[in-house]
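Trainee: I am new to this structure and would be grateful for a close look at a single part. Please take the salt bridges as the topic.

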Amino acid sequence: AEEANQVIVIPDPPAPPASAPRTNCPHFADGLLDWHESATWEGLSSPGAGIDVILPENSKVVVRSSVLDIQGKITVPLSSELIFGEKTNGKIEFHANGFEVNGALVAGSETCLIEHPIEITLHGTRPTDVVTNPPDNSYKGINVGGNLQLHGKQYHRTWTRLAKTVNAGDSVLML
């Protein structure tokens, strides 16, 4: 049997310039409200375990550290933004049942790539009557009717395709 090889070129993504300063970082903007400050939630339901949270209208709320209590549904109104910052000595964890994003959910920008991990964990169990009574789109999900901007550190490919199976003892790889 004849062997047929096919050349597949998978280009690397462009590397960001090493000396480019980070600019336009949304989590460093002026006028941000802090998720963890009680003043942010004045007159509204404060975040907490199992509580559905609606961001204040016309606001930009920043999460700079972990939210470990499992929140209910997080709603971002049309005129508001939920912005994730960075924690330089670890990752930011955020736990919720779901998100309804009518405004914006933001992490970084094109000129300010997030360099530290942000981990959003969605919680909940599948309802037994999911077929006849489906939950809303934000249930254990991120329903975006507005804007989703996630800009993170670029990683380059760490794998390649093998053109031929490699067996134990082989001294040549066909790529």
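Is Glu115 buried, partly exposed or exposed, and what is its relative accessibility?

Mentor: Glu115 counts as partly exposed, because its relative accessibility is 46%. Here buried means under 20% relative accessible area, exposed means over 50%, and partly exposed lies in between, with a 1.4 Å probe and protein chains only. The model is a predicted one, in which local features need pLDDT of at least 70 and side-chain atom pairs count only at pLDDT 80 or more, while totals for chains, interfaces and linings use all residues. Residues are numbered from 1 along each chain as its sequence is written, and side-chain values use heavy atoms, with hydrogens and water left out.

Glu115 forms a salt bridge with Arg22, and the closest N and O atoms are 3.7 Å apart. The pair links distant parts of the chain, 93 residues apart: Glu115 is in the loop between strand 7 (104-107) and strand 8 (118-122), and Arg22 is in the segment before strand 1 (33-34). Strands (E, at least two residues) are DSSP runs, numbered from the N terminus. A salt bridge is defined as a side-chain nitrogen of Lys or Arg within 4 Å of a carboxyl oxygen of Asp or Glu. Side chains of opposite charge can pair when their charged atoms come close. Arg22, at 31% relative accessibility, also counts as partly exposed.

A search of the whole structure finds 5 salt bridges, one of which joins Glu81 to Lys60, with the closest N and O atoms 4.0 Å apart. This pair again links distant parts of the chain, with Glu81 in strand 5 (residues 81-84) and Lys60 in strand 3 (residues 60-63), 21 residues apart. Glu81 is partly exposed at 23% relative accessibility, and Lys60 is partly exposed with a relative accessible area of 38%.

Glu119 forms a salt bridge with Lys91, where the closest N and O atoms are 2.9 Å apart. Glu119 belongs to strand 8, whereas Lys91 is in the loop between strand 5 and strand 6 (92-101); the two are 28 residues apart, and the pair links distant parts of the chain. Relative accessibility is 31% for Glu119, which counts as partly exposed, and 33% for Lys91, which is likewise partly exposed.

To return to the residue you asked about, salt bridges that share partners join Glu115, Arg22 and Glu86 into one network.

Notes. Helices (H or I, at least four residues) and strands (E, at least two) are DSSP runs, numbered from the N terminus.
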